[in-house]
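Dear colleague,

My findings follow directly after it.

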Amino acid sequence: MPITHVAKEDFEDWLEQLADELWAHANSAPESSIEEPLLPEMVLRACFQSVSDMAKLGLPTEFGGRAQFDIWWTNCPSRQGRTLMWERWECWNLTRAEYESLIASAGESELGYEVVDEKVWRGDEPPLKPLATWKYHPERMRGVMPFAARVAEIGRQCRGSPSVNELNLLAQAWSQPPGYSIIHRPLRQRINSPSRNSRATTRIVDMLVFNAVYCANGRQVFDIPQQLSDMFRNTDVDDITAEHIRVPYPGIYLHFGPQSHLAADPAWTPEGAYIQEINAPDGDRALQFCIVSAPTDLDRYREFDVNIEPVYVQALGPQHMKMALGEAVELVLAEKMQALRKQVSDEPMANLDEATHKLAANNGVRLVSTQGSRAAAELAGLEPMHRAYLEMLKLIVNSLAYLTAYPKDVETVWPKNTSAHLLRDLAKTDNRNEQRRIQSRLAALGFTPVHLCGRKLAAELDQRAAASGAAGTVAAHWRRGHWRRQPHGPQNMQRKLVWLMPTLVNSGKSTEEVPGHLYMTS
């Protein structure tokens, strides 16, 4: 985890600040639950690495010797455990004599620290070694997060349809992953994290549901190239409805790559989305989208319970299926923001009856509502991202329209070491259930297919640009495209999606454009 660095000159002031903050936190519960102030019991654990020790380990020595310090709260009343780490930090450019002076001053102070010199360095977290596939959100999560394997296992066990019990298991997988102890994550960092609140963690659990469904359906990644994304940004989706859109699998991941121009938080950049299609037994259908982001710092990314990833979830329900896609996307986002504003303005606990209030008063219970403050926090995070989420949602629906209209313009690539006999079995069968069974088996073995989209289109665009003598990437402006449902078949009774693509009006030839709209065979 990223370590705070404190100058040796500031050591005593830092100890005093940490002790004050811990006392304030320990006594921050409502007055009715505290009979008398709680005096935290604190242990300062320390260890030192000299320059010669670091040189033997091949570590850089230009900053001199270093010391690592932990403060442990040993009488914490939390259900997480009686002993929790409060904070961890390091001091650099120390000699052993300076280190011993620091721990001696801590033990002699009036702050109440018990000091333990551990003599042995506790070690550093090994550096991450990113793989090329980590550019895809689900693959990065699988490579870094300790809970990813458990999420995939739950997804496969429930076959992509998690029950209430399995939703609880997914939440538990995130909060208590295998081999991870929450007591080793500084409590001070967790409670001071601006991204950590109940609604943010709820959104993370939502994302884990999407990831579990994605894993249950064979880890299907659809890679949308930059050229295609640029054209989607200039394509309207007002002439087609959600009922005309089909998803290749019940759970997929769409990858667009980091969209830096949409980033509102310097630590995170929107990059893609999980898609889930739900078909109810009564015939109702829903599309759900989960927009996710790429971290700018991988080391901070693995601090998953401190630096909470921003996640946005939106659903198009049965009532939206016949609406124009552009209108439906904007309406659902506007409705969500309006609902949050109502939660902020509503009187706290207005729905509680008088009997409940009396029961609480008679038992000395103080009722506190956090709905308004939490809704305000979520709204504050959503408002600056409104444009970004709207643009991402339109990228998503254009991508799904493209996959619906042009499924043959998708090339599937498997890792080179993928089981040959399973790939042969997959190629031989036309049975959809058998295909999913084989894909789930391949996913369980760790093999992820990547569906590369738009290569046929890119080739045709390059040919047309070359034929016109225009450089396809240089443009004065775009002329917007759109989708339409084109009649075809016997007596033109059938309909298929056709993309009238946006066209480039070239800067070198102000009155000319790349000739014609492209009509690909769907």
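The lining of the second largest cavity comprises six nonpolar residues, one polar residue and two charged residues; here Ala, Val, Leu, Ile, Met, Phe, Trp, Tyr, Cys and Pro count as nonpolar, Asp, Glu, Lys and Arg as charged, and the others, Gly among them, as polar. This is a predicted model, in which local features need pLDDT of at least 70 and side-chain atom pairs count only at pLDDT 80 or more, while totals for chains, interfaces and linings use all residues. Residues are numbered from 1 along each chain as its sequence is written, and side-chain values use heavy atoms, with hydrogens and water left out.

The second largest cavity holds about 40 Å³ of space. Its lining is formed by Pro138, Met141, Arg142, Ala148, Ala152, Asn211, Tyr214, Cys215 and Arg219. Helix 4 (137–144), helix 5 (148–157) and helix 8 are the elements that give two or more residues to this lining. Helices (H or I, at least four residues) and strands (E, at least two) are DSSP runs, numbered from the N terminus. A cavity is a set of points, on a 1 Å grid over the protein atoms alone, where a 1.4 Å probe fits but cannot get out, and lining residues have an atom within 4 Å of a point. Grid points are joined across faces, edges and corners, and a volume is the space filled by probe spheres set on the points.

Arg219 also deserves a note for its backbone: its phi is near 55°, a positive value in a residue other than glycine. Arg219 is found in the loop between helix 8 and strand 6. Asn93, which lies in strand 4 (residues 84–94), likewise has a positive phi, near 60°.

In total, the structure holds two cavities of 30 Å³ or more. The largest cavity contains about 110 Å³ of space. It is lined by 13 residues, of which Met145, Phe147, Ile204, Phe304 and Glu309 are the closest to its centre. Helix 8 (residues 198–216) provides the largest share of this lining, three residues. By type, the lining of the largest cavity has eleven nonpolar residues, one polar and one charged.

Turning to the sheets, seven strands form an open sheet with mixed pairing, in the order 11-10-9-8-6-13-12. Strand 11 (312–316) and strand 12 (410–413) each have a single partner strand and stand at the edges, so one side of each is left without a neighbour in the sheet. Two strands pair if DSSP finds at least two bridges between them. Within this sheet, strand 6 (residues 221–223) and strand 8 (residues 251–255) run parallel and are joined by three bridges; Asp223 stands opposite His255 in strand 8.

A further open sheet has three strands in the order 7-15-16, again with mixed pairing. Strand 7 pairs with strand 15 (residues 481–488) in the parallel sense over two bridges, and Thr235 has Gly481 of strand 15 as its bridge partner.

Finally, the axes of helix 11 (residues 325–345) and helix 13 (residues 371–382) come within 8 Å and cross at roughly 145°. Axes are lines fitted to C-alpha atoms, for helices over the stretch in contact, and angles run from 0 to 180 degrees between N-to-C directions. The residues of this contact (heavy atoms within 4.5 Å) divide into eight nonpolar, three polar and three charged.

Yours sincerely

Technical notes: On a 1 Å grid over the protein atoms alone, a cavity is a set of points where a 1.4 Å probe fits but cannot get out, and a pocket is an open set with protein on both sides within 12 Å along at least five of seven lines; lining residues have an atom within 4 Å of a point.
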